[in-house]
Amino acid sequence: MTMETLEFQAEARQLLQLMVHSIYSNKDIFLRELISNASDALDKLRLAKLQDGLEADTSDLHIEIEVDAEARTLIVRDNGIGMTRDEVVELIGTIAKSGTAELLGKLKEAKESPELIGQFGVGFYSTFMVADKVTLVTHKAGTEGHGTRWESAGEGTFTIDDAPDAPVGTTITLHLRPKDEDDALYDYTDEWKIKEIVKRYSDFISFPIRKVSSDGEAETLNSMKALWARPRSEVTDEEYHQFYRHISHDWTDPLEIINMKAEGTFEYEALLFIPARAPHDLFQRDARRGLQLYVKRVFIMDDSKELIPDYLRFVKGVVDAADLSLNISREILQQDRHIQMIRRRLVKKVLSTIKDLMSSSPEKYATFWREFGRAVKEGLLAEPDNHKPILEIASFATTALTTDGGSEPTTLAAYVERMKEGQEEIYFLTGESRSQVENSPHMEAFQAEGYEVLILTDPVDEVWVDVVPEFDGKKLRSIARGTVDLKKDEEEKQPEGDFGPLLGFLTEKLDERVKEVRLSHRLTTSAACLVSDSDDITPALEKMYRAMGQEGPRVKRILELNPNHPLVAGLRSAHERKADDPALPDTAELLYGTALLAEGGDLDDPARFAKLLADRLAQTV
């Protein structure tokens, strides 16, 4: 094929401009990103030989760095998997990745955070922070014929051409800009500077990183020691943090480091990290997740989902098993009993570590739950056997106030300790927001009687509360379901007999909307509220199912009336005076509509409700 000049994708052009005109202070990370990409290419080649039978020489997989001070060039070379022409265009000419807009926005805002480049998987572009021209020559392993040559000056276009003599692997040549220390642009042909960057960012890379001198001599710059195989006492926090950055592309130091080692009939080592912030794609279905799997120090898989459940998908790290086959497949992993055993132990260790944080480092725990609590609660649906340990580390918003009058999340254990004498259930209410829940009519009697209520506003809360029956022997109870009677004094209770005819009338007139109309013991100031039967699904859950295309029959609810409210008392009197008054059915519909709106529900016919309300208001003017 002949040479082509192609345009970068629009988002790629924006990213390039940010790099070319970069004012970021830490430009050293470009080399970290190139070495990381080269390491990935070496892993992929070795994996292709193990699992796919690719004929390739993997006896000396390595990364080379070569500089020419006179020509002002820096070369990073690997003998890994390489790329085809189409792959070069796809991987470098475009950013085919979700979250691109978010990436660009964050890069523009965070002028001191070039590490976001790596987090979003486009680290190659960081080369344009230090180079005014970049050349890439590559040849895909297992393919016949020529390789591919790519070149760009970081403007709107790039050229791509054949490279007839390209060896298998990838060579990237950076034509460096002049040194400018005022702009944090160092001399990247300086041998000392190269060694410093490799030692700081890439010492743990499992392949040799060699500095090649002009006379052909090669010096290995990294130790290649597997951090997970070294005692924690021999590894500094900075080494752990650099390794975490390498595998996660997250520049923020991890919240917690977890070391594990199992010996005996089945041996494995694990090094796990709990991040300090949620990744941008935590709730995206197509996000990459899972742990890195090694067998006897040989990289096998980058995203083994079989090693960690989806609700702990934010955990990063490495598992190195001693007794697995090197050519193990994903299908075998799903059934392998050793993998299942490792998974159970990893989950147990992660959950116990989080529980320890609650007492040893409350601030760290608060950060963890703020960032990942919503994901962790998914485990209450996925793993019934782990209900107890998950509930023990969970925190929930609550109506209880702190000593200074504020409100902080509470654990279920703390809630149980504060329960009133004689209280046998843990009360909660779900909703879309804290303010909606706090202002719900269902709260009125509980606030008046001083009962604490948990405020659950995450979408997953609507689901897990139906599958978790209790905590510490105390049943979880929605205050918007079933009957509620907090009054202990029988004399305070309103006899239903006085309202019997009205309740029957309203039940008949609202038959298409409600299954029953009854008096309420949960209301103190509102006229009415809607209640679900104990075994019925909530309106929010019903709405979620419809949004997922699972249309089912609409569940009728119960309309509860406050017998002490002037509107309800007046309605009873009006019904007693003239039961066939044509205005009463409209009043019943308005009463139902206001109860629905009060809980944040949606009216079936907003225009009709507005007309009824306007007509009724007009009569009072």
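**Salt bridges and a helix**

Reply: E64 is buried, at 19% relative accessible area; buried means under 20%, exposed over 50% and partly exposed in between, with a 1.4 Å probe and protein chains only. This is a predicted model, where local features need pLDDT of at least 70, side-chain atom pairs count only at pLDDT 80 or more, and totals for chains, interfaces and linings use all residues. Residues are numbered from 1 along each chain as its sequence is written, and side-chain values use heavy atoms, with hydrogens and water left out.

Me: Which residue forms a salt bridge with E64?
Reply: R77 does, with the closest N and O atoms 2.7 Å apart. A salt bridge here is a side-chain nitrogen of Lys or Arg within 4 Å of a carboxyl oxygen of Asp or Glu.

Me: Is R77 buried or partly exposed?
Reply: Partly exposed, at 24% relative accessibility. R77 also forms a salt bridge with E66, at 3.5 Å between the closest N and O atoms.

Me: How many salt bridges does the count come to?
Reply: The count comes to 49.

Me: Switching to α9. What should its 24 residues span?
Reply: 34 Å, and the end C-alpha atoms of α9 (residues 337-360) are 34 Å apart, which agrees. The expected span is 1.5 Å times one less than the number of residues. Helices are DSSP runs of H or I with at least four residues, and strands are runs of E with at least two, numbered from the N terminus.

Me: Which residues of α9 are buried?
Reply: Among them are H338, I339, L346 and L357.
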